[in-house]
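Here are my notes for you, in numbered points. Have the structure open while you read, and find each piece as it comes up.

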Amino acid sequence: MGNAFVGKPLGCAVNPAVGYERERVLTPAPASKRVAIVGAGPAGLEAARVAALRGHTVDVYEKGEQLGGVLWPAATPEFKKELRSMIFWWERQLRDLPVTVHTGVEIAPDSPELDGADAVILATGSTPLTPPIPGLDGEHVVDVIDAHLGAELGHRIVVCGGGLSGADFALEAAQDGHDVTIVEMADGIAADLLMINRITLMRDLAEAGITLLTGHTVTAVDPTGVTVGGPDGPVHIAADTVVSAFGVRPATRLVEALADREGVVAIGDCVRPAKVGDAINAGFEAAFAL
């Protein structure tokens with residue numbers, strides 16, 4: 001069957017075959033299984049692709065209407081168009097394989113969709129982290145995912161959290177003409193990003209005129225803006241919209257509920273939030289082991 005990665009529009013950072021060309025040749029499985037995959041993010045989509053290429057019959061269940069998981073909102077800005085190409089690539093691959101994708105279907109521990117499955121792969125992703133900050137539930141506070149997807153935004157935006165998701169959104173908003181400030185408690189922005197990519201990101205943020213307030217912690221949100229604490233004491237930043245980008249935590253509800261069921265494996269962000277390449281690699285490995 002060969003490697004099956006020829007023509008894949010992904011670099012080595014997100015291509016599970018690179019470096020394992022001999023070990024990860026996709027050959028037919030000893031026996032065909034019915035595989036249920038919950039979640040159509042990068043981990044689930046790659047698991048579906050690899051499982052089907054090995055001869056299994058696969059059903060993918062996605063509670064939303066769009067494939068791609070966190071990749072889809074992250075792919076909205078033009079400078080992230082390569083992420084859109086990844087999603088479209090998986091869609092094309094799955095159309096030609098024994099994979100049935102069910103969107104708008106939320107799986108519970110007792111869902112009949114799991115009955116009769118020989119293997120269940122949980123790729124349920126993560127949920128936004130919402131720290132107990134006064135005012136963070138205000139009407140002018142928007143989660144970064146919703147902000148990416150087109151939520152209504154005011155002119156002055158404070159992004160609370162300077163990880164990659166927050167920084168990417170801030171750049172997108174600034175390029176659209178908004179006045180943007182990023183507040184980050186650490187000393188740097190997008191600290192986990194590869195150095196060469198981080199240099200480019202920092203240059204782009206500077207060119208877009210974004211204010212970076214590192215070493216500061218958000219202590220309160222009010223209708224007029226955000227109060228932050230730093231080495232020089234509290235500072236109030238005026239904002240029309242506050243974007244919550246404090247990070248994510250694993251979505252473990254289904255993982256915990258099915259922990260005692262045989263043939264269930266959890267992969268991707270529902271185990272530990274990580275980079276896209278890690279999720280894709282986990283999806284490949286889980287399906288390769290079937």
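1. Start with helix α1 and helix α8 (residues 276-288): their axes come within 7 Å and cross at roughly 30°. The crossing of α1 and α8 is right-handed. On the α1 side, the contact is made by P42, A43, E46, A47, R49, V50 and A51. On the α8 side, look for V276, A279, I280, G283, F284, A287 and F288. Sorted by class, the residues of this contact of α1 with α8 come to 11 nonpolar, 1 polar and 2 charged.

2. Before you go on, keep in mind that this is a predicted model. The chain has a mean pLDDT of 89, with 90% of its residues at 70 or more. Residues 1-13 are another story: pLDDT stays under 50 there. The model still gives that stretch 31 contacts beyond four places in sequence. Where pLDDT is low, the predicted coordinates should not be read in detail.

3. Now back to α1, which covers residues 42-53, and its partner α3, residues 81-95. How do the axes of α1 and α3 cross, and within what distance do they come? They cross at roughly 30° and come within 10 Å. Angles under 35 degrees count as roughly parallel, and α1 and α3 are therefore roughly parallel to each other. The crossing of α1 and α3 is left-handed, whereas α1 and α8 cross in the right-handed sense.

4. Which residues bring α1 and α3 together? From α1 they are P42, L45, E46, A48 and R49, and they meet W89, W90, Q93 and L94 in α3. The residues of this contact of α1 with α3 split into 6 nonpolar, 1 polar and 2 charged.

5. Next, look at what α1 lies across: β1, β2 (57-62), β3 and β4. Against β2, α1 runs at about 165°. These strands belong to an open sheet of 5 strands, in the order β3-β2-β1-β4-β15, with parallel pairing. Its edge strands are β3 (99-103) and β15 (264-266), each of which pairs on one side only. On average, neighbouring strands of this sheet are turned by 15° against each other, direction ignored.

6. Last, one more helix pair: α5 (residues 164-175) and α6 (residues 195-207). Their axes come within 10 Å and cross at roughly 40°. α5 passes α6 in a left-handed crossing. L164, A167, D168 and L171 in α5 meet L201, D204 and L205 in α6. This contact of α5 with α6 has 5 nonpolar residues, no polar ones and 2 charged.

Key
Residues are numbered from 1 along each chain as its sequence is written. This is a predicted model: local features need pLDDT of at least 70, side-chain atom pairs count only at pLDDT 80 or more; totals for chains, interfaces and linings use all residues. Side-chain values use heavy atoms; hydrogens and water are left out. pLDDT is the predictor's confidence in each residue, from 0 to 100. Contact means heavy atoms within 4.5 Å. Axes are lines fitted to C-alpha atoms, for helices over the stretch in contact, and angles run from 0 to 180 degrees between N-to-C directions. Helices (H or I, at least four residues) and strands (E, at least two) are DSSP runs, numbered from the N terminus. Angles under 35 degrees count as roughly parallel, over 145 as roughly antiparallel, 65 to 115 as roughly perpendicular and the rest as oblique. A crossing is left-handed if the near helix is turned anticlockwise from the far one by less than a right angle, and right-handed if clockwise. Ala, Val, Leu, Ile, Met, Phe, Trp, Tyr, Cys and Pro count as nonpolar, Asp, Glu, Lys and Arg as charged, and the others, Gly among them, as polar. Two strands pair if DSSP finds at least two bridges between them.
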